[in-house]
Amino acid sequence: MKHRKKAGDGIVAVSAAALLLAACSSGGNGTSSAGDGTGDVEVWAHQGKDTEVAALQDAVANFNASQTDINVNLTLVPEADYTTTIQSTSAGDLPDVLELDGPTLASFVYDAKVAPIDGYVSQDTIDNATVGNVNQGTVDGTLYALAQFNSGLGLFANGAMLDAAGVSYPDSIESAWTADEFLSALKTLAAANDSGYALDIKENYGLGGEWGTYAFSPLLQSAGGNLIADNRASDVLDGPESVSAMEAFQSWMPYVDPNEDDSAFVDGRVAISWGGHWMYPGYSEALGNDLVVLPLPDMGTGTKSGAGSWTWGMGSTTQQGAAAGAFLDYLLNDENVKAMTTANGAPPATKSALATDALYSAGGALELWGQQLEAGCNADSITEDCVTVLRPLTAGYPVITSEFASALAAIAIGDDVQSALTRAATAIDQSFSDNNDYQ
Amino acid sequence: MSNPTVERTHRRVFRWTRQDIPGAAMAAPGVIGLLVFVAAPFLVAVVLSFFNAQLNSPRTPNFIGITQYARLFSDSQFWRALGNNLTFAAFVIPVQTAIALGLAMLVNQRLRGISIFRALFFLPVIFPMALVAVVWRLILSRSEDGLLNSLVHVTTFGQVGAQDWLGNSATALPSIILLSIWQGVGFQMIILLAGLQDIPQERYEAAQLDRASRWQQFLYVTLPGLRNTLIFVVLLTSILAFRVYDQVYILITSGGANKSATQTVLYQATTSVFDQNNLGRASAITVVFFAIVLAITVIQRRVVRQESEA
């Protein structure tokens, strides 16, 4: 009996703890102050790759050594638990400076956990941030966060395998494959490969998680659909454009390698890999000059891609706004941005660092993705010229991504597209109407 | 009413004697623990299930009555999850107990090196379920090079092609049942093995003198001797079967498992609260699940008790 009770009640105990935390967090209502610009500054960051951690630790050490007024204390939290840690920490206990995953920012603003930073970070720093960077950090017209780097998403291809199979491929954003061209390329490549597969979509990351939304919601937008419009998902996420995009996605699945070992592309089991900038160092090393970088397929209104990554904000109750701002100014200077992007291969999110970046500026190996990022926009204002679309900046994002990614995973294994998307759209709309549209 | 025992207990309730103090003091930590960590959170969950409570939101939750329950009962996905739970339990409880008993009898023989076999059968229990799920993800891969697909290909001389074991709604739940039994059976085996070794050897000798066959010995000596152990094992397996979560979560999120065919009630509760911040819905799921598990437990206890009195 005792064991049995524990089974059901583990969840209950967690819920109760969450309620207590919720009660605590209602105490903080976002009263930050500048302070005198001296003293200790607490910083929380996610513990990413070792090289990223080293770059961040160096930046903190150098900042502390460069002046005597401010002392930055860095706390690293494992990546898998990072967002949950912020969620379950009351506003009063959050540090002065904290790292946030871009699409979660709006929900932290909604929960009054982060403070506006435009009064604390220098105007030069804000002016030097790329448009996509500022867009990602702005909620309801107020700037809450700025990032060191952005993210790039597209197709990696093995040029030698494509040439051998007689498949021609696009060399610019405008000439992106259409959905049909992409399907016929996959068929040809799969037939030419002993593995019988042609495409890797990083299924090992789990289509039902954030990867699914980041990597495949651009298909909806490219078809003229979207995840959500005016706080409603019905007739948008399950409208005919979105359905057609997901039906095309489903038609590619027979050619997709399950990629459990994450080496389908480097082992030559597939000729094309749907991936992000973080794959570039490994792929480049394995394929050398055979590696080509392509835009995602154009589903009708021009190719679209994903953007956004980790960004830096301030706790809503910080009393060290000036000192925290000084640290962010330092973190976002060319030297530290370059150290970080060298460590993780990401596109810099500041204008000056991007302009001189060897990979993403003109002539670089990832120049195409640099161009994609220049043509960026928000999900609620997509134009024909826009390529990289930020994930929706709404506090309801956790529900949107959870429902869309679940539907995507179901579609991938053959569920009916229309009913999977309608189920997701209904659940999203219910959550929005329950919560006053997260206003 | 004239029963003296009843009268004495009545008096003990009303008169607090010296001897009761140490007993109460020693029970206190356990009782307080149960109240604080089991009873109180459950009551909180009942209350929360009537509110539109968002995890960690500074806004005051608003009362929405039985809306969460109404939605739950009209949600086909919830019924599917509950059905998956019951199917899982209906297969795992008898099959796992039977296999555990068979294995326990196999490794109960006096053979050289039998402890090696005992250790081997017990080994999967030591593996964390997360690791087991990841290993079975490779076994059940839909790729032609997947271990199970390769095996099927060879044994059927290439007549049967690659199957998406976890993605196909017909094979997804059986796959999870299979890996769960593989992981858990060693534990029940060890408990039953201890029970087997408690049965006095003389009973088997007596049965042999009566010319009882092996099957009759099993039926009339082994099973009655294992009675209490078996009841314990069935109860334990039921508990584990209803709280199945780890392997389901891992295989759905990163193994391409068919979500609607494999999700369980606990999976739905955690997804609601941790992915979607919907604390109210998660609380309602938990309360309903608690009621169902409680009902099953009461029935199970009653059936077992009747048999032991007969």
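What percentage of the 439 residues in chain A is buried? Buried residues make up 58%, a residue being buried if 20 or more other C-beta atoms, placed from the backbone, lie within 10 Å of its own.

This is a predicted model, in which local features need pLDDT of at least 70, side-chain atom pairs count only at pLDDT 80 or more, and totals for chains, interfaces and linings use all residues. Residues are numbered from 1 along each chain as its sequence is written, while chains are lettered from A and ligands numbered from 1 in the order in which they are written.

**View 1. Chain A as a whole.** Welcome to chain A, which has 17 helices and 15 strands; these are DSSP runs numbered from the N terminus, with helices (H or I) of at least four residues and strands (E) of at least two. The C-alpha trace spans about 65 × 60 × 45 Å along its principal axes. For 439 residues, a compact globule would have a radius of gyration near 22 Å, and the 22 Å of chain A agrees. That radius is taken over C-alpha atoms, and the globule rule is 2.2 Å times the number of residues to the power 0.38.

**View 2. Helix 16 against helix 17 in chain A.** Here helix 16 (residues 397-412) and helix 17 (residues 417-434) of chain A pack at about 170°, with axes 9 Å apart. Axes are lines fitted to C-alpha atoms over the stretch in contact, and angles run from 0 to 180 degrees between N-to-C directions. Helix 16 of chain A is therefore roughly antiparallel to helix 17 of chain A (an angle over 145 degrees). Among the residues making the contact are Phe404(A) of helix 16 and Leu421(A) of helix 17; two residues are in contact if their C-beta atoms, placed from the backbone, lie within 7 Å.

**View 3. Helix 9 across helix 16 in chain A.** Helix 9 (residues 210-222) of chain A packs on helix 16 of chain A at about 80°, with axes 8 Å apart. This makes the two helices of chain A roughly perpendicular (65 to 115 degrees). Look for Phe216(A) in helix 9, and Phe404(A) and Leu408(A) in helix 16, among the residues that meet.

**View 4. Where chain A touches chain B.** In this view, 41 residues of chain A are in contact with 49 residues of chain B. Helix 1 (2-25), helix 16 and helix 17 of chain A each supply at least two residues of the chain A side. Helix 1 of chain A gives the most, with 16 residues.

Conventions
Parallel < 35°, antiparallel > 145°, perpendicular 65-115°, else oblique. Buried ≥ 20, exposed ≤ 12 C-beta atoms within 10 Å, placed from the backbone.
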